[in-house]
Every structure is written in structure tokens, then in C-alpha cells.
Amino acid sequence: ESRIAAASFWEEATLSSGEPVQRPPDLDPNAPIIPLADARRVIEVAMPVATAMWCGVEWRPYYLRFMQGEHKRSWTEVQLAYMGVLFGLTQQTFGDALRSDPEKPCSAERKAEVEATLGVGKH
């Protein structure tokens, strides 16, 4: 996921300002945009969102809480944009896999699990 996100990231992603992300000329094209451990963390956080989408559970507040937490860290705008791309690619990839069998809908148990994971209904 991380390599796929990085390949489509430069020039296609946008910063919060709406400007396209530009690769700094001195940046090694093989250098990770964020540390691998953080990329794994983004993927792990995004996977339940794919299930939430499949089950019809509201996931946006969960995503916004995650990104707000990341904004409080010392990431650059480019790194934050990359996290958003990686998050979206992960939810799309896993969501497509879940929806690949139309004969297998989201069960009530799975829906309850994802609601608990995302903190739906908690205040």
C-alpha cells in the first residue's frame, strides 16, 4: 500500500491549500515520505474504515479525529497530505475486497464490532 500511495502521490495529491504536491528536487525518489512504522499505523487505522463503509457505518468523525491528532504532531504539510492519500487508498483497497462478494453482506456482529472500533455513539 505504501509504495502504491507514494507512486501516485507526487504531482497528483494536493496540500490543504489546494496546491499540488511537488517533489523537492533534492529528495531521493526512493526515500520514504513518512517512516515505515507510521505508514503501517496509518494503514492499520484506515482498515476499519473500509469495514465501516461496507457496513454503512459513519466513519468520517473517526478519520477527522485521526487526522486532527496527526496535525498536532510535527509532520509537514506534504507528510500530512501523504497520510491522507495512504488512508484513502487503504480504505478503498480493503473496501473493494469486502464488496467483491455481493452474496456476503456485512453481518450485524461485524457492524457492531466496527461501530465499537470507531467509537460510534460514544461522546
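Tutor: Let's start with a helix: its expected span is 1.5 Å times one less than its number of residues. Keep in mind that we are looking at a predicted model.

Student: How do you know that the length of helix H4 agrees with what its residues should span?

Tutor: Helix H4 covers residues 77-99, which makes 23 residues. At 1.5 Å a residue these should span 33 Å, and the end C-alpha atoms are 33 Å apart, so the two values agree.

Student: Which residues of H4 are buried?

Tutor: Quite a list: Gln79, Leu80, Ala81, Tyr82, Met83, Leu86, Phe87, Leu89, Thr90, Gln91, Gly95 and Leu98.

Student: Take glutamine 79 from that list; why does it count as buried?

Tutor: Buried means under 20% relative accessible area. Glutamine 79 has 16% relative accessibility, so it counts as buried. Its contacts, leaving aside residues up to four places away in sequence, are Ile33, Ile34 and Ser74.

Student: And alanine 13, why is that called buried?

Tutor: The same cut-off of under 20% applies, and alanine 13 has 8% relative accessibility, so it counts as buried. Alanine 13 sits in the loop between helix H1 (2-9) and H2. Along the chain it is 66 residues from glutamine 79, yet their C-alpha atoms are separated by 11 Å.

Student: Now the disulfide. What makes cysteine 55 and cysteine 106 a disulfide?

Tutor: The cut-off is a pair of cysteine sulfur atoms within 2.5 Å. Here the sulfur atoms are 1.8 Å apart, and the pair forms a disulfide. A search of the whole structure finds 1 disulfide.

Student: On to the aromatic residues. Why is the pair of tryptophan 59 and tyrosine 63 called what it is called?

Tutor: A pair of aromatic rings is described by the distance of the centres and the angle of the planes. Rings pair if their centres lie within 6.5 Å, and planes over 60 degrees apart count as edge-to-face. By this rule the count comes to 3 aromatic pairs. For tryptophan 59 and tyrosine 63 the centres are 6.3 Å apart and the planes stand at 70 degrees, so this pair is edge-to-face. One aromatic cluster is formed by Trp59, Tyr63, Phe66 and Phe87.

Student: What makes tryptophan 59 buried but tyrosine 63 partly exposed?

Tutor: Under 20% is buried, over 50% is exposed, and partly exposed is in between. Tryptophan 59 has a relative accessible area of 14%, so it is buried. Tyrosine 63 has 22%, so it is partly exposed.

Student: Which residues touch the most other members of the largest nonpolar core?

Tutor: In this core of 31 residues they are Phe9, Ile34, Val42, Met83, Phe87 and Leu118. The elements giving two or more residues to the core are H2, helix H3 (60-71), H4 and H5, and H2 gives the most, with 10 residues. In soluble globular proteins, nonpolar side chains tend to be buried together. As for Ile34, its contacts beyond four places in sequence are Ala39, Val42, Trp75, Gln79, Tyr82 and Met83.

Student: Stepping back, what is the order of elements in the protein?

Tutor: From the N terminus on they run α-α-α-α-α, with 5 helices and 0 strands. The protein has 123 residues, of which 34% count as buried. Among contacts between residues at least 6 apart in sequence, 72% join residues at least 24 apart.

Note on methods. Residues are numbered from 1 along each chain as its sequence is written. This is a predicted model: local features need pLDDT of at least 70, side-chain atom pairs count only at pLDDT 80 or more; totals for chains, interfaces and linings use all residues. Side-chain values use heavy atoms; hydrogens and water are left out. Helices (H or I, at least four residues) and strands (E, at least two) are DSSP runs, numbered from the N terminus. Buried means under 20% relative accessible area, exposed over 50%, partly exposed in between (1.4 Å probe, protein chains only). Rings of Phe, Tyr and Trp (its six-membered ring) pair if their centres lie within 6.5 Å; planes under 30 degrees apart count as stacked, over 60 as edge-to-face and the rest as tilted. A nonpolar core is a set of buried Ala, Val, Leu, Ile, Met, Phe, Trp, Tyr and Cys residues joined through side-chain atoms within 4.5 Å. Contact means heavy atoms within 4.5 Å.
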